[in-house]
Amino acid sequence: MSTFQSQLHVFAGFVRSCAAATEAPGRSHDGPRLPWRRVLIVEFRDEVFASLKTLFESFGVHVIRVECAADTSNTASRTRPDLVLISGSMPQESAWLISAKLHMQSPECLTWLYMPKLPYAQDHWRKFSGVSTVIEYQGVLSRLLDNLRFRLRQAEKPQPSAVPLPVWRSQKFAAVSA
């Protein structure tokens, strides 16, 4: 290897390390600051899944895919996801039914549905199926990605502490109440 090639090799390593350091700004090496480490995405369309996977992985979340509604329950019990994201356009089975089955299996798992258009009776179906969030994206993938990116950024923000604030009384009030 010539001197030029070795210098080029060192420079390429430097560029890779700089790119890795700036790839996910604000994230520590300890892992994601999101409440979820694993997300199960129930999606049959390759292009939609690829976009969702890229988005979630940019936040440091491990992505698992299910293409067929029949495999959802088995995969969820095997992988124990923290969040399940279900397409409302699944051809084999209703997303509401998939969610209800998952909710019976593991009620603590958070479930989000994304649909091109919200149904009329969505509030009743949400209560029955255990869905915590329904996202309407009007069939436009960029709207779905923007909505999810917003939700992930909101979840990434530090939550306020549950420490109660001290109660300050004025001397005048303390004398009257005593």
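**Exercise 1. A pair within a helix**

In which helix do Arg149 and Asp146 both lie, and how many residues apart are they?

Solution. The model examined here is a predicted one.
Step 1. Arg149 and Asp146 both belong to helix H6, which covers residues 141-156. They are 3 residues apart, or about one turn of the helix.
Step 2. The side chains of Arg149 and Asp146 form a salt bridge, with a distance of 3.0 Å from N to O. A salt bridge requires these atoms to be within 4 Å.
Step 3. Arg149 has a relative accessible area of 27% and is therefore partly exposed. Asp146 is likewise classed as partly exposed, at 47%.

**Exercise 2. Further salt bridges**

State how many salt bridges the structure holds, and describe the one between Glu57 and Lys53.

Solution. 
Step 1. The number of salt bridges in the structure is 6. In general, side chains of opposite charge can pair when their charged atoms come close.
Step 2. Between the side chains of Glu57 and Lys53, the N to O distance of the salt bridge is 3.9 Å. Both residues are part of helix H2 (residues 46-58), where 4 residues, about one turn of the helix, separate them.
Step 3. Glu57 is partly exposed, with a relative accessibility of 43%; Lys53 is partly exposed as well, at 31%.
Step 4. Another salt bridge joins the side chains of Arg65 and Glu67 at 4.0 Å, N to O. Arg65 is partly exposed at 25%, and Glu67 is partly exposed at 45%.
Step 5. A network of salt bridges links Asp46, Arg65 and Glu67.

**Exercise 3. The nonpolar cores**

Which residues touch the most other members of the largest nonpolar core?

Solution. 
Step 1. The largest nonpolar core has 23 residues, of which Val39, Ile41, Leu52, Phe56, Leu85, Tyr114 and Leu148 touch the most other members.
Step 2. Two or more residues of this core come from each of strand E1 (38-42), H2, strand E3 (83-87), strand E4 (110-115) and H6.
Step 3. In soluble globular proteins, nonpolar side chains tend to be buried together.

**Exercise 4. A residue in strand E5**

Is Ile135 buried or exposed, and which residues does Ile135 touch?

Solution. 
Step 1. Ile135 is located in strand E5, residues 133-136.
Step 2. Its relative accessible area is 1%, so Ile135 is buried; the cut-off for this class is under 20%.
Step 3. Residues up to four places away in sequence being excluded, Ile135 touches Trp112, Leu113, Tyr114, Met115, Leu144, Asn147, Leu148 and Arg151.
Step 4. Between Ile135 and Pro116 there are 8.3 Å in space, C-alpha to C-alpha, and 19 residues in sequence.

**Exercise 5. Aromatic rings**

How many aromatic pairs are counted, and what is the geometry of the one formed by Trp36 and Trp112?

Solution. 
Step 1. The count is 2 aromatic pairs.
Step 2. The pair of Trp36 and Trp112 is edge-to-face, with 5.4 Å from centre to centre and 80° between the planes. An angle over 60 degrees places a pair in this class.
Step 3. Trp36 lies in the loop between helix H1 (3-23) and E1, while Trp112 lies in strand E4; the pair therefore ties together parts that are 76 residues apart in sequence.
Step 4. Trp36 is buried at 8% relative accessible area, and Trp112 is buried at 5%.
Step 5. The ring of Trp112 also has the charged end of Arg151 over it, 5.9 Å from the ring centre.

**Exercise 6. An arginine in a loop**

Where is Arg37 found, and with which residues is Arg37 in contact?

Solution. 
Step 1. Arg37 occupies the loop between H1 and E1.
Step 2. With a relative accessibility of 51%, Arg37 counts as exposed, the cut-off being over 50%.
Step 3. Neighbours within four places in sequence set aside, the contacts of Arg37 are Val61, His62 and Asp82.
Step 4. Arg37 and His62 are 25 residues apart along the chain, and 6.0 Å separates their C-alpha atoms.

Note on methods: Residues numbered from 1 in each chain as written. Predicted model: local features only at pLDDT ≥ 70, side-chain atom pairs only at ≥ 80, totals over all residues. Heavy atoms only, no water. Buried < 20%, exposed > 50% of the residue type's maximum accessible area, 1.4 Å probe, protein only. Core = buried A, V, L, I, M, F, W, Y, C linked by side-chain atoms within 4.5 Å. Contact = heavy atoms within 4.5 Å. Phe/Tyr/Trp six-rings, centres within 6.5 Å; stacked < 30°, edge-to-face > 60°. Lys NZ or Arg CZ within 6 Å of the ring centre and 35° of its normal.
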